[in-house]
Every structure is written in structure tokens, then in C-alpha cells.
Amino acid sequence: MKLQLVVINPTGLHARPAAIFTAAAKKFESTIRIRNLTKESEWANAKSVLGVLGIGVECNHEIEIEVEGADEANAAEALRHAIENRLGEEVVPVQAAGISTFPKPVSGKFAETSERILKGIPGASGIAIGPAHLWQEKSLAVPRYTGCDFATQSARLTSAREAARKELESLQAKIARDAGVSESKIFEAHQMFLDDPTLLEAVENFLHQGLNAEAVWMDQVTETANVLSKLSDATLAARAADLRDVGERVLKYLTGESAVTEGMNLVEASVVIARDLTPSQTASLDKSRVLAFCTAEGGPTAHTAILARALQIPAVVGLGNEILSVSENETLIVNGAAGQVTRQPTESEIIEAQKQKSELEEIYEHARDSASEPAITKDGVRVEVVANIGSVEESRKALELGAEGIGLLRTEFLYLRRDTAPSEDEQYEAYKAIFDVMQNRPVVVRTLDIGGDKDLPYLDLPQEENPFLGWRAIRICLERSDIFQPQLRALLRAAVGHYIRIMFPMIATLEEIRAAKAAVIMASDALRSKAIPFAQKVQLGMMVEIPSAAVMSDIFAREVDFFSIGTNDLTQYTMAAERTNKHVAQLGDAMHPAVLRLIKQITDSAHESGRWVGICGELGGDADAIPVLLGIGVNELSMVPALIPQAKAIIRTCDISSARRLAEEVLKLDTAHTVRLAVKKATEI
Ligand code: PEP
Ligand code: MG
């Protein structure tokens with residue numbers, strides 16, 4: 001059966017609405033096709049995001065949907081309903097709807113402190129000194145000829161795709177091993193692109209016209225990637241780079257050349273300079289030969305930076321085009337933590353950098369050796385050092401690196417990259433697997449923190465102009481008990497026999513924390529009424545990451561068992577600097593006295609009510625911040641597993657009375673920069 005409808009979404013069937021439409025279509029077994037009548041487009045597979053995006057449906061375009069199969073009546077009705085309800089989007093003026101809510105990686109440059117010193121964004125900490133190697137973006141030439149036999153070209157493409165798939169699988173395994181499973185997931189998405197029905201269908205059509213496989217494949221990849229890169233939805237826009245990456249990988253096998261990794265075959269250990277790096281390029285390099293990465297584009301949340309952190313290679317990103325003018329083999333000093341690259345360093349600068357580097361290495365080696373020991377300050381105060389994780393693999397890694405528990409289990413991992421919400425039982429199994437690894441160590445589980453820059457198409461979240469200030473985290477969960485209750489029940493069930501604490505993200509008001517606690521009672525009652533075993537006594541806490549909660553922390557402290565300070569969000573909201581926007585990245589330093597004063601206020605309020613306080617934002621693992629946080633009196637530091645050995649080593653060099661003096665001093669300072677300088681001065685040996 002066929003339906004003809006008019007799409008009234010302001011941006012048409014682009015980005016988020018397309019993803020929602022596809023997710024709705026996938027729920028049915030029928031074959032579903034869609035075409036753009038206004039543009040007289042070809043039919044597209046309605047279950048493929050690439051397909052739906054490709055027909056370019058704009059506002060007021062008429063579309064036709066064709067549904068064939070056993071459940072066609074239900075499918076047609078559901079899709080009509082979805083389109084008529086604007087796929088969950090509000091109707092807002094086209095101009096406003098077109099504003100990107102998430103910055104695309106664009107080149108940019110921060111103020112230079114001198115001609116030789118380039119400032120970028122810290123990507124991964126560490127110091128490197130060595131020759132520059134300019135990563136050449138050598139695209140392979142695409143041979144193009146006609147008069148080809150379809151079967152031969154199709155078979156060539158299939159075997160190239162298979163070879164690419166094998167390579168992606170081993171790349172995924174390598175990254176899972178070196179950097180962690182969540183970092184490796186990007187290659188799962190790449191494998192999905194290899195099989196995208198729309199892409200393959202288009203390729204097949206052109207192969208029938210007698211063109212060779214290389215030309216057809218790359219034309220289709222480029223065309224689709226161009227469509228994606230123009231989308232304002234960053235998640236989809238970012239997929240353009242991934243799709244091109246996959247395209248090149250297959251092309252490499254079709255042509256028998258190896259462009260994808262060629263430039264990374266470094267003869268000597270070097271500082272790799274690039275405009276930007278794809279995840280494959282970053283992942284396929286020989287870790288022992290890359291001293292550091294420096295990129296002109298990209299932000300701190302770009303894949304290069306994330307992978308570099310996990311691989312423990314220093315990185316500075318977003319350096320602007322200036323970095324591309326360095327000469328091959330020119331000596332550079334890269335300071336990852338400072339986000340700084342020094343060109344033509346003087347002899348004394350090199351000596352100083354070498355000194356810092358060997359000190360860091362020594363500290364790290366020693367720290368690794370003693371990572372399983374507790375972190376006790378010189379004057380005998382034990383500080384709990386725990387991990388931020390998002391998967392069972394990371395929980396194992398955290399234990400290996402000396403985590404004494406989990407300070408933040410981000411549960412979003414269970415909900416992302418899928419078409420429907422995870423069932424209660426599926427969640428139960430996933431939580432239990434992590435709790436079993438941690439045995440009786442404390443685990444703080446955060447309930448779903450979705451929204452902001454994390455979208456779930458199946459939740460039909462409205463498109464928002466300021467998602468970080470919008471319907472996010474607890475705000476969604478309190479309204480969507482169909483999502484919240486199964487999560488709470490699964491957690492309470494999995495908590496039996498373990499030491500689990502539950503905390504709620506993005507609490508802004510007292511009403512919210514009370515409602516969240518009531519939701520836990522409701523989940524407990526439901527389990528009790530069915531005689532399902534569950535943990536009766538679970539500590540309930542909240543993340544303090546919104547200034548209103550920080551300022552009112554004395555009142556909130558009476559409501560909860562603990563606070564965990566989310567410095568990432570607390571900083572973005574205090575400084576009004578969106579955390580994913582690299583243009584305001586320098587405003588987002590959590591060492592700003594304004595943020596530190598709030599942390600002090602929260603900690604004091606908690607202690608006055610006999611509660612404990614942890615830090616689970618990035619500040620918790622920031623080497624400069626640790627002595628200050630100890631001086632402020634926080635009880636627990638939670639961080640990515642890789643930083644635990646270093647954090648424990650730093651704690652062992654501190655004594656609480658000096659840390660208190662340092663905290664008092666920096667709380668009176670005026671800028672994040674002077675705070676960091678004061679810490680450096682105070683901790684110099
Ligand atoms: C934070 O905001 O500091 C935090 C830990 O939460 P997330 O980074 O997941 O928002
Ligand atoms: Mg947060």
C-alpha cells in the first residue's frame with residue numbers, strides 16, 4: 001500500500017527526523033520504501049538513514065511511502081502518525097532550526113603567546129620532544145573506465161569489502177586492547193557502513209551501467225558523505241568523516257594500494273602533524289613511533305584526542321593552520337596538558353622539557369608499580385581513588401590500574417547505538433556483570449543521562465536550540481517512567497549482594513531529587529509486590545553539576561546520602577561555556593576560582609550534614625587539581641582508569657595541612673591561570 005504525505009518539519013527529513021523515521025520503519029517486517037515526490041526522486045529504502053537522507057526531503061515536500069508485507073497496515077499507520085506528528089520535532093522558524101546545536105570541527109587558533117609558541121586545546125597529557133612528521137593526506141587516485149562486466153566488478157567490490165571488514169575487525173580488537181572497548185566501538189559503525197543497503201543498492205545500479213568498481217564505490221561514498229557533512233546534526237555530520245574513511249579503506253583493497261596507513265609508516269619516532277586524523281589513521285599507527293599528535297582541527301572530544309588519551313600519547317588539537325606550516329623534521333616540543341607546541345626550541349627549553357618529561361615518566365613508572373596500594377597522604381589521610389567507566393571491560397581495566405571502586409558508572413552505554421530501549425532483564429545482566437567484576441567494592445551508578453549532546457532516536461526527543469539547557473537526564477527520566485522504572489528495577493535487582501550506590505544526574509531543584517527518590521521507592525515496591533529479590537538498602541546520592549544545586553547544597557545535603565560533583569557540567573554552566581564548543585574551550589577550565597569556590601561550598605555543606613563528597617568530572621584526575629581538592633576536603637576522586645596510578649602517586653606526595661593552605665590561597669585568586677601557576681609553584685620540589 002502507498003501513502004502520500006507532506007513533511008512539515010522545518011528542516012525536512014534531515015538528521016534527527018530521518019533517524020527517527022528510519023527507527024520507526026525498522027520496527028516492521030514489511031519492505032518500506034520512500035521517495036520525494038516534489039523532487040521526483042528515486043525510491044529509497046526507508047530503513048536506511050543514508051537512504052532517507054539521500055532523497056533530500058525539505059520542509060513542505062511531498063513524500064510517498066510504499067509498504068509491502070504482512071504488517072503493512074500497522075506500518076503505514078505508524079509512519080503516517082510519525083510524519084503527521086513531525087517526528088517529535090517542534091515547529092520552529094526555519095532559521096532557528098538550522099542553527100547547529102553542536103559545533104562541527106572547524107579549524108581555529110587560539111591567541112599565540114609568542115611567534116614560536118602555538119596554543120591549541122589539550123588533547124592528551126604528556127611531553128614529547130622530537131622531529132615533526134607531516135601527515136600527507138594522500139588520497140588514492142580513483143581509476144575510472146567503462147565497458148565493464150557487472151559480475152566481475154561486483155565480485156571485486158565484495159571481496160574488497162570483505163578484506164576491509166577483516167581489517168576493521170582487527171583494528172577494533174587492537175583498539176579494544178590498547179585503549180578500551182568503548183573507544184573501539186567506532187569501528188563497529190564503520191562495519192555497518194560497509195553493508196548499508198542504500199549505499200550498496202546505488203553502487204549496484206551504477207555497476208550495471210558498466211562503470212568500474214573503484215569509480216562507482218567512491219562516487220557513491222563521496223556523494224553520501226557530502227550530504228551528511230552538510231547536516232546540522234553533529235552526530236550525523238561526524239559520520240561523513242567515518243564514511244569517507246570506510247570508502248578509502250575499501251578503495252585501498254580495490255586498487256591494491258595502501259594509502260590509508262601509508263603515511264603512518266614512520267621511519268623514526270616523530271610528532272605527527274595533521275589537519276585532522278580519522279579514527280583509522282590514529283588507530284593504525286605504530287604506537288612506539290608516534291611521540292605525539294598535533295592537529296589543526298578537531299576539539300577535545302574528537303576521536304584523535306579520545307584515542308590519544310586512551311593510548312597515553314600526548315596530543316594537542318585545534319591548533320589552527322599555523323601548525324601545518326612546520327617543516328618536515330623540524331624539532332618541536334609538545335606539551336599535551338598545556339595544549340602547547342613550541343617551534344624551534346632553544347637549548348634551554350629542550351633541556352627543561354626533557355627534565356619534565358623524564359620526571360613524568362619516572363612518576364608514571366613508579367605509580368604503575370604501586371597502583372594497587374592505597375593512596376595515603378604523607379600525614380596519613382587515606383583518599384579513595386575510584387574509576388569512571390562505561391562498560392564491563394573498563395571495570396576490569398580499572399581494577400588492574402588500582403581502582404578501589406567505581407565513582408561513576410555511566411549507564412548510557414546500554415542505551416546508545418540501538419533502535420529500542422534495553423529491557424529490564426538486559427539491563428540487569430549488564431549491571432550484574434560489572435558488579436560481579438567489582439565484587440564488594442563500592443560502585444556508584446548514575447541513572448540515565450541522555451539529552452544534551454547524546455540523542456536516542458527511539459525516545460523521540462524534540463530538537464532543541466540549546467540542548468545542554470534543555471530536556472536532559474533526570475528531567476527526561478522523571479517524565480518517562482517507562483524508561484526510568486525499568487532501569488531502577490534492574491539496578492536494585494542487580495545490586496543484591498553488592499555494594500551499590502545510585503545517583504541522579506542534573507539535579508537542579510529539590511522537587512527533582514525528591515521525585516527521583518520517590519521513583520526508587522516505587523521501583524522497590526513493584527519488586528516487593530512480585531517477590532523479586534532486590535537490594536533493600538542502597539545509598540542514594542546526586543550529582544552536583546548545576547549551579548543551583550551547588551549554591552543550595554546545604555539544603556540538598558539533608559536529602560541525600562552523598563554528593564558527586566560533576567565538574568564538567570558544573571564548569572560549563574558556571575562559566576556559560578558549552579563544553580563541546582572549542583571556541584569557548586578556554587573558558588571551560590574547572591580550575592577557575594568560581595568553580596573551585598562552588599566545590600568548596602558543596603564540600604562544606606556535605607560535611608556539615610555528615611555526608612561524603614566525590615569528584616567525578618575530569619577535574620578529579622587533573623594533576624594540578626588533586627592537591628587543591630584534597631585541601632578543600634573532598635573524600636573521593638573518580639577518573640578515567642588510565643589516570644589512577646598517577647593520581648595515587650600525587651596523593652602520596654601531599655600532606656593535608658599544606659593542601660589546605662594551598663586551597664585557601666587559590667580560592668582567593670582571580671583566574672584559572674593564576675590558580676594553576678600557584679599550584680605548580682606550591683608543588684615544586
Ligand atoms: C560531569 O558533568 O562532570 C560528569 C561527570 O558527567 P558527564 O561528563 O557524563 O556529563
Ligand atoms: Mg554531567
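Here is a short walk through this predicted model, one selection at a time.

**Stop 1: the magnesium ion**

Start by selecting ligand 2, the magnesium ion, and show the side chains around it. Which residues coordinate the ion? You'll find Glu545, through OE, and Asp569, through OD, at 2.0 to 2.2 Å. Now colour by secondary structure. Glu545 sits in the loop between strand E18 (539-544) and helix H20 (547-551), while Asp569 belongs to helix H22 (residues 567-575), so the pair ties together parts that are 24 residues apart in sequence.

**Stop 2: two crossing helices**

Next, select residues 625-632, which make up helix H24, and 656-667, which make up helix H26. Their axes come within 7 Å and cross at roughly 100°, which makes H24 roughly perpendicular to H26. To see what touches what, show side chains. On the H24 side, pick Pro627, Val628, Leu630, Gly631 and Ile632. On the H26 side, pick Ile656, Ala659, Arg660, Leu662, Ala663 and Val666.

**Stop 3**

Jump to strand E1 (2-6). It is part of an open sheet of 4 strands, ordered E1-E4-E2-E3, with antiparallel pairing. E1 and strand E3 (44-45) stand at the edges with a single partner strand each, so one side of each has no neighbour in the sheet.

Zoom in on E1 and strand E4 (residues 62-68), which run antiparallel and are joined by 5 bridges. Two pairs to click on: Val6 stands opposite Glu62, and Gln4 stands opposite Glu64. In a regular strand, side chains alternate between the two faces of the sheet. Which residues of E1 are on its covered face? Leu3 and Leu5 are, whereas Lys2, Gln4 and Val6 are on the uncovered one.

**Stop 4**

Most residues other than glycine have a negative phi. Here are two with a positive value. Select Glu40, in the loop between strand E2 (31-36) and E3. Its phi is near 50°, and Glu40 is exposed, with a relative accessible area of 73%.

Then go to Asn329, in the loop between strand E10 (315-317) and strand E11 (331-335). The phi of Asn329 is near 75°. Is Asn329 exposed, partly exposed or buried? At 47% relative accessibility, Asn329 counts as partly exposed.

Terms used: Residues are numbered from 1 along each chain as its sequence is written. Chains are lettered from A and ligands numbered from 1 in the order in which they are written. This is a predicted model: local features need pLDDT of at least 70, side-chain atom pairs count only at pLDDT 80 or more; totals for chains, interfaces and linings use all residues. Side-chain values use heavy atoms; hydrogens and water are left out. Donors are N, O and S atoms within 2.8 Å of the metal (3.2 Å for Na, K and Ca); water is not among the atoms, so sites may look incomplete. Axes are lines fitted to C-alpha atoms, for helices over the stretch in contact, and angles run from 0 to 180 degrees between N-to-C directions. Angles under 35 degrees count as roughly parallel, over 145 as roughly antiparallel, 65 to 115 as roughly perpendicular and the rest as oblique. Contact means heavy atoms within 4.5 Å. Two strands pair if DSSP finds at least two bridges between them. Buried means under 20% relative accessible area, exposed over 50%, partly exposed in between (1.4 Å probe, protein chains only).
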